[in-house]
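Subject: Structure handover

Hi there,

Here is the structure I promised to pass on. Could you open it beside this email while you read?

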Amino acid sequence: MAKQIRIIPENCTGCYICEQACSFHHTDECRPNASRVTVVSWGTVGLCTPLLCMQCDEAPCAKICPEGAIKKTNGVVVIDDKSCIKCKMCMIACPFGNIKYDDINSSMIKCDQCGGDPECVKICPSGALIYGDAVTANLIVQQKYASQLRTDESKEASE
């Protein structure tokens with residue numbers, strides 16, 4: 001069964017440690033532009049959340065690639081840098097904006113789940129990122145939301 005990284009946005013503290021760990025793992029530098037995960041901050045409401053490749057079943061980035069450099073292998077959408085011509089069509093096609101161009105290394109980058117041992121998940125201090133088989137990862141997120149819903153309903157009933 002394929003494994004996935006799942007995001008629990010309300011757990012994110014905006015520490016950006018996931019970005020630093022990701023870029024260091026892939027480039028030996030702490031450089032946010034080289035990170036495959038991007039923390040987005042909505043400062044006006046005090047909310048942050050990490051964003052990364054959704055590993056789409058019907059990946060638009062793979063469909064549009066003129067060289068066939070993007071393929072899904074073992075549930076992970078991967079870019080073959082040797083075949084990639086850096087046309088950036090994948091970047092445009094991604095509906096979530098989770099593919100970037102690293103101009104220092106001249107490569108298209110996206111989350112590859114670190115080959116099955118994602119650094120961002122290992123280092124996240126708040127549990128905003130979890131990794132596991134798709135069904136279990138989804139269940140954890142669903143249970144968290146269901147628990148919150150029950151708590152909110154209990155509060156409303158007691159008022």
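Below are some notes on the fold, the salt bridges, and the surface.

Please keep in mind that this is a predicted model, in which local features need pLDDT of at least 70, side-chain atom pairs count only at pLDDT 80 or more, and totals for chains, interfaces and linings use all residues. Residues are numbered from 1 along each chain as its sequence is written, and side-chain values use heavy atoms, with hydrogens and water left out.

Fold first. The protein has five helices and eight strands, counted as DSSP runs numbered from the N terminus (helices are H or I, at least four residues; strands are E, at least two). Along the sequence the order is β-α-β-β-α-β-β-α-β-β-α-β-α. Of the 159 residues, 35% are buried; buried means under 20% relative accessible area, exposed over 50%, and partly exposed in between (1.4 Å probe, protein chains only).

Next, the salt bridges. The whole structure holds seven of them, each being a side-chain nitrogen of Lys or Arg within 4 Å of a carboxyl oxygen of Asp or Glu. One of them joins Arg31 and Asp102 at 3.0 Å, N to O. Arg31 sits in the loop between α1 (17-27) and β2 (38-42) and Asp102 in strand β6 (residues 100-102), so this pair ties together parts that are 71 residues apart in sequence. Both Arg31 and Asp102 are buried, and together with Glu29 they are linked in a network of salt bridges.

Lys122 is another residue to look at. The Lys122 side chain meets that of Asp117 (3.1 Å, N to O) and also forms a salt bridge with Glu119, with the closest N and O atoms 3.0 Å apart. Glu119 and Lys122 are both in helix α4, three residues apart, about one turn of the helix. Asp117 is partly exposed at 42% relative accessibility, and Glu119 is partly exposed at 22%.

Now the cysteine. Cys114 lies in the loop between β7 (107-109) and α4 (119-123) and counts as buried, with a relative accessible area of 17%. The C-alpha atoms of Cys114 and His25 are 8.2 Å apart, although the two residues are separated by 89 residues along the chain.

Lastly, Met91 is found in helix α3 and is partly exposed, with a relative accessible area of 31%.

Best wishes
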